[in-house]
Amino acid sequence: MGRVIKHEGGEGLKMETGTARRLKAFARGETTWAEVEGMTFEEAKAIAQVGCDLAAAGRLEEARILFEGLVEGNPKDSAAHAALGTVYQKLGRVEDALTEYTHALVGDPRNPVALTGRGELHL
């Protein structure tokens, strides 16, 4: 069963009840945008793999864009923060890398990529 939402023009916009529920949960900070969009763990993992492949091929700006998107979509993903930190580190963006490694460690205090990267930057 759908729900009709009115906007300024007075015309109704039909929205699925589940979608409305997910949007409200997002607005309350209870869910991530990736969850609103229905992104699965497998899909996020596949995108991250492409980002890793791009970085390994030296295509750092493209990898940066992918990882920034993953972090934006799911700020709770410590692996994505750590990967973005690594890309920033390779781009010479030291402060940004440290910030991302710190975010990664908040979510996973044992994240080896974040621990190693942060340690390298502090040396």
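Start with the largest pocket. Its lining takes in 28 residues, and Ala44, Lys45, Ala48, Leu70 and Asp77 lie nearest its centre. Two or more lining residues come from each of α2 (33–37), α3, α4 and α5. Of these, α3 gives the most, with 7 residues. A pocket here is an open set of points on a 1 Å grid over the protein atoms alone, where a 1.4 Å probe fits, with protein on both sides within 12 Å along at least five of seven lines; lining residues have an atom within 4 Å of a point. Helices are DSSP runs of H or I, at least four residues, numbered from the N terminus.

A word on provenance. This is a predicted model: local features need pLDDT of at least 70, side-chain atom pairs count only at pLDDT 80 or more, and totals for chains, interfaces and linings use all residues. Numbering runs from 1 along each chain as its sequence is written, and side-chain values use heavy atoms, leaving out hydrogens and water.

Last, α4. Buried there (under 20% relative accessible area, 1.4 Å probe, protein chains only) are Leu60, Ala63, Arg64, Phe67, Leu70, Val71 and Gly73. Beyond neighbours within four places in sequence, Ala63 is in contact (heavy atoms within 4.5 Å) with Gly51, Leu54, Ala55 and Val87.

Definitions and conventions
Buried means under 20% relative accessible area, exposed over 50%, partly exposed in between (1.4 Å probe, protein chains only).
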